[in-house]
Amino acid sequence: MADQNNKKVVKVYDTEQDVAVSLAKYVADLSAKFAKERGSFTVVLSGGYLIDSIRKLTEPPYVDSVEWSKWHVFWVDERVVPRNHVDSNYKLAFDGFLSKVPIPAGQVYAINDALSAEGAAEDYQTVLKHLVDTGVLAKSSVTGFPKFDLMLLGMGPDGHVASLFPGHPLLEENVKWVTHIMDSPKPPPQRITFTFPVINSSAYIAMVVCGPGEVDAVYKALGKTENPELLPVQRVTPEEELRWFLDKVAASKLQE
Ligand SMILES: O=C1O[C@H](COP(=O)(O)O)[C@@H](O)[C@H](O)[C@H]1O
């Protein structure tokens with residue numbers, strides 16, 4: 001399924017393994033494109049099972065062929081916990097991905113875990129502004145917000161993306177690049193998150209959803225239903241392409 005008007009592509013694969021194979025090729029192709037065009041590739045990671053979904057990048061042929069030295073890695077959201085805490089999105093990414101590929105340590109932009117939620121959000125925004133000023137990170141000519149090359153996002157069963165939850169006032173934040181939340185409905189409660197203007201200024205977004213947990217949310221987001229209120233995931237509209245990677249289980253209600 002492809003929708004040229006809002007640049008949305010929905011791909012449904014037989015198995016989660018097929019999703020992982022296709023996602024690895026998608027990421028590797030974009031890495032090659034941006035490394036050639038811009039000399040760097042800015043990639044934003046999520047928490048959740050997204051990290052497991054990119055496992056094929058840590059295996060041949062990609063582990064040897066991707067230009068890892070061009071990668072600059074960020075997080076769309078982080079929990080306000082120490083980096084070695086079981087709830088840390090950095091730890092999840094380090095254990096499952098970053099420790100297995102040769103990305104230069106100085107190009108991995110973890111959130112400062114010594115600060116309060118508010119301080120960490122401000123600090124991360126300052127880091128991003130510096131990277132825009134130095135040209136590592138592009139700037140959207142449309143919105144003026146930073147333009148990441150690729151965001152790899154997951155979605156929760158309630159349709160949340162990053163730490164932007166249904167009905168929460170942060171959904172309307174349109175000035176800050178990075179903000180904080182003290183009352184996340186999903187624990188832990190204190191987090192920092194990119195705002196929608198930043199998410200939607202990115203060039204490409206891969207939305208990866210597999211398994212039974214999000215069947216209803218996938219149906220609400222992509223099925224022929226009229227929702228009185230948009231799910232957070234339905235507000236995701238990057239500048240070039242939003243590509244959904246679903247397995248048959250996650251897409252099961254769409255195919256009824
Ligand atoms: O809390 C979070 O949840 C979302 C979705 O997680 P998943 O386990 O359903 O994939 C995740 O994308 C986000 O980064 C994380 O902090």
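Which residues have the most contacts inside the largest nonpolar core? I looked this up in a predicted model, where local features need pLDDT of at least 70, side-chain atom pairs count only at pLDDT 80 or more, and totals for chains, interfaces and linings use all residues. I number residues from 1 along each chain as its sequence is written, and side-chain values use heavy atoms, with hydrogens and water left out.

**Core.** I find Trp-71, Phe-97, Phe-194, Ile-199, Met-207 and Trp-244 to have the most contacts inside the largest nonpolar core, which has 86 residues. Such a core is a set of buried Ala, Val, Leu, Ile, Met, Phe, Trp, Tyr and Cys residues joined through side-chain atoms within 4.5 Å; buried means under 20% relative accessible area with a 1.4 Å probe, protein chains only. Helix α1 (residues 16-38) gives the most to this core, with 8 residues.

**Phe-97.** I then listed its contacts (heavy atoms within 4.5 Å). Leaving out residues up to four places away in sequence, Phe-97 touches Leu-45, Ile-51, Ile-54, Leu-57, Thr-58, Trp-68, Trp-71 and Ile-103.

**Whole chain.** I count 7 helices and 12 strands, taken as DSSP runs (helices H or I, at least four residues; strands E, at least two) numbered from the N terminus. Of the 256 residues, 55% are buried. Among contacts between residues at least 6 apart in sequence, 76% join residues at least 24 apart. The C-alpha atoms fill a box of roughly 50 × 45 × 40 Å along the principal axes.

Conventions
Buried means under 20% relative accessible area, exposed over 50%, partly exposed in between (1.4 Å probe, protein chains only).
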